Amino acid sequence: MKLPPDSALTGNPDVVRLSTSLFDRRPDDCRDFAAVKARPHVWPAVYEKRRYAPWESFPLGVVMRALDDVEFDGADADEAVEKAVAANRTPLHPSAAAWVRHAVHTYLEAGEDMDAALAAEGVTLRPERLPRVVQGGRSPMEMRVLTAWGRWYATADGSVVEFRRMRMRMPYGRPDAVSTQAVAYVAAAGRRVTDPGDLYTLVPVPVLREDTLPARVRVVEVGLTTGLDKVLLDMTSEEVQQGYRTAVRPAAAALLAGGPRVPGQDCADCKTRASCGLIVPTPGLLGLGDRGTHRRTWSITTARRYQVCPAQSHLRDLRVPGEGSDSVATQRGLDVHRWLEVAHWRGRPCTPADLPEPGAADCGIADTLMDRQRYHKVRPYLLQHIRCCPLAADGEITDVQPERRIATYDATADVVVLADPDLLRRVNGLLVYREQKTSAAPRGITADNALHMVPQLALAVCLIAAGVFGEATGLVELEQLTPESAEVITLDAADPAVVAAARSVVNELVRDWHHDVEFHATPGPWCAFCPVARWCGDAFRGVPSTSVDLMVDLVTGEILTNPHQPDTRMEAIAEAVAEPELDEPPF
């Protein structure tokens with residue numbers, strides 16, 4: 001990746017510090033973000049003073065510091081956690097601290113089991129305070145550094161080196177994954193640094209030259225929530241070297257070359273944000289009068305979580321593991337959205353022929369996305385969709401874009417705003433922005449309350465009115481599907497009254513979140529459905545056991561609302577319950 005003459009970046013792109021965790025990024029993540037992140041001597045040409053979160057945003061770092069005290073100084077685990085939390089530069093949320101305590105104990109217990117298994121082979125490992133690094137280059141101006149973040153262990157003679165990668169929930173790595181092979185290479189060929197503080201500040205990194213390279217390398221993952229451990233690799237250094245040459249080097253070259261830009265959660269911290277053509281400037285979009293605590297990313301999902309409980313929202317932003325939702329409603333929503341995305345990419349209306357009976361020999365699109373049992377459950381909803389398929393509307397339909405990610409930057413609030421319309425299209429040249437919802441029964445959403453009940457619609461109106469799609473006119477649609485009905489509500493984004501109401505809804509959702517630094521819990525009946533309640537000391541506090549009056553569909557697992565008394569908070573809770581659990585972060 002070379003910096004073009006007109007680039008908004010400056011610096012030296014020939015100095016690379018590549019973390020092995022970058023190899024875990026998904027194929028559809030922004031490749032340029034990773035390529036620039038791996039270049040510590042490249043920065044925006046126009047200086048921006050970075051503001052940091054006034055709270056601890058990386059709980060794993062606290063886990064590491066507590067484990068250091070236990071393994072190197074012989075501290076008691078609970079005392080080590082209390083010390084690490086108290087000494088942290090920024091406050092750690094009490095519920096995140098509860099997870100940290102659990103994680104430290106879980107890691108130590110898993111370590112005892114792994115040590116016992118190795119002892120049976122006559123191998124005794126001891127923790128290493130100094131991490132390892134692989135580096136090389138023709139000069140300090142052309143350096144390549146490969147790092148691995150985790151915990152290191154070795155035998156006294158250095159013949160066996162083990163790297164333990166901490167996963168927040170459970171082990172999910174694969175032996176053939178590039179990140180696994182890269183970690184193994186750092187273990188096999190790396191040198192220990194003289195000072196851990198130099199690892200992410202100096203290039204080249206001072207190292208101990210007298211280190212003995214190991215004959216045997218092990219890579220292990222430990223799940224800090226489940227307590228499970230998994231040996232991914234246990235091989236000779238020669239075998240590791242071969243894996244590096246065949247898998248890691250080509251993957252590293254591809255990663256460093258950059259590639260297509262994709263807006264997402266990375267945008268707030270990306271060095272190319274100010275010059276990225278995919279992020280539309282929308283000053284004042286959120287109606288806020290100041291820049292808040294620091295640059296952050298916000299979406300309606302963020303707002304809905306915060307609306308239910310600020311503490312839950314904060315823990316999920318920190319990627320603290322929760323109890324995954326495996327309800328029928330969750331899977332149904334995912335399957336319907338995936339089917340519609342694939343179907344609409346064809347650019348033609350959906351028809352009954354696209355939805356054969358579940359017992360048919362060929363079920364078309366469904367067979368590529370789900371098993372027949374799941375297809376049987378979602379087919380009634382998809383059959384209803386045919387009645388209101390957006391590609392069957394009158395007029396000339398062009399620019400069909402299912403599930404396109406929209407990113408804008410409100411400089412007034414210093415917030416990157418993300419939206420994921422289910423479908424964008426133009427009808428006779430006019431933009432039409434559609435959202436889609438499924439439910440077992442009608443939820444009482446009407447044209448009069450749709451902006452409040454489904455705030456994705458309010459954000460859509462604001463985006464159109466701000467000119468994100470060009471002209472400040474267009475329509476916003478809500479497609480509501482049940483097994484027996486289909487209904488489309490349409491809002492005019494050029495109507496001043498609609499725009500004013502939408503802006504009020506969005507501002508109300510973002511205002512408190514923008515300044516919150518405490519994220520207090522708001523206990524209620526919804527605690528019964530909270531994915532992170534196990535870490536929350538306030539869960540159910542002050543909530544009588546008889547007050548849990550939320551109605552739940554025992555078949556689908558979704559929260560039912562009274563269609564005659566629609567409530568925006570109950571709708572937020574229903575969405576939160578049906579939200580899939582977050583992927584394991586690539587730390």
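The legends below describe close-up views of one predicted protein model. In this predicted model, local features need pLDDT of at least 70 and side-chain atom pairs count only at pLDDT 80 or more, whereas totals for chains, interfaces and linings use all residues. Residues are numbered from 1 along each chain as its sequence is written, and side-chain values use heavy atoms, with hydrogens and water left out.

**Figure 1. Overall fold of the protein, with 15 helices and 22 strands.** Helices (H or I, at least four residues) and strands (E, at least two) are DSSP runs, numbered from the N terminus. The radius of gyration is 26 Å, close to the 25 Å that the globule rule gives for 587 residues, so the protein is as compact as a globular protein of that length. This radius is taken over C-alpha atoms, and the globule rule is 2.2 Å times the number of residues to the power 0.38. Along the principal axes, the C-alpha atoms fill a box of roughly 75 × 65 × 60 Å. Of the 587 residues, 52% count as buried, that is, under 20% relative accessible area (1.4 Å probe, protein chains only). Among contacts (heavy atoms within 4.5 Å) with a separation of 6 or more, 72% join residues 24 or more positions apart.

**Figure 2. The largest nonpolar core, with 47 residues.** A nonpolar core is a set of buried Ala, Val, Leu, Ile, Met, Phe, Trp, Tyr and Cys residues joined through side-chain atoms within 4.5 Å. Leu-286, Trp-298, Tyr-433, Leu-463 and Phe-469 touch the most other members. Elements giving two or more residues to this core include helix H7 (300-308), strand S18 (430-438) and helix H14 (496-515); H13 gives the most, with nine residues. Apart from this core lies another, of 39 residues, among them Val-70, Ala-80, Leu-92 and Leu-108.

**Figure 3. Surroundings of Leu-286 and Phe-469, two members of the largest core.** Not counting residues up to four places away in sequence, Leu-286 touches residues including Trp-298, Val-415, Val-506 and Val-510. Phe-469 is found in the loop between H13 and S19 and is buried, with a relative accessible area of 10%. With neighbours within four places in sequence left aside, the contacts of Phe-469 include Arg-404, Leu-424, Tyr-433 and Leu-463.

**Figure 4. Helix H7, a mostly covered element.** Eight of its nine residues are buried. Among them are Ile-300, Arg-304, Arg-305 and Val-308.

**Figure 5. The second largest pocket, with a volume of about 360 Å³.** On a 1 Å grid over the protein atoms alone, a pocket is an open set of points with protein on both sides within 12 Å along at least five of seven lines, whereas a cavity is a set where a 1.4 Å probe fits but cannot get out; lining residues have an atom within 4 Å of a point. Grid points are joined across faces, edges and corners, and a volume is the space filled by probe spheres set on the points. Of the 16 lining residues, Arg-144, Val-145, Leu-146, Tyr-244 and Ala-252 lie nearest the centre of the pocket. H6 gives the most to the lining, with six residues. The lining divides into eleven nonpolar, three polar and two charged residues. Here Ala, Val, Leu, Ile, Met, Phe, Trp, Tyr, Cys and Pro count as nonpolar, Asp, Glu, Lys and Arg as charged, and the others, Gly among them, as polar.

**Figure 6. The largest cavity, holding about 120 Å³ of space.** Among the 16 residues that line this cavity, Cys-309, Ala-521, Cys-527, Cys-530 and Cys-536 are the closest to its centre. Helix H8 (residues 310-317) provides the largest share of the lining, three residues. The lining comprises 13 nonpolar, two polar and one charged residue.

Terms used. Buried < 20%, exposed > 50% of the residue type's maximum accessible area, 1.4 Å probe, protein only.
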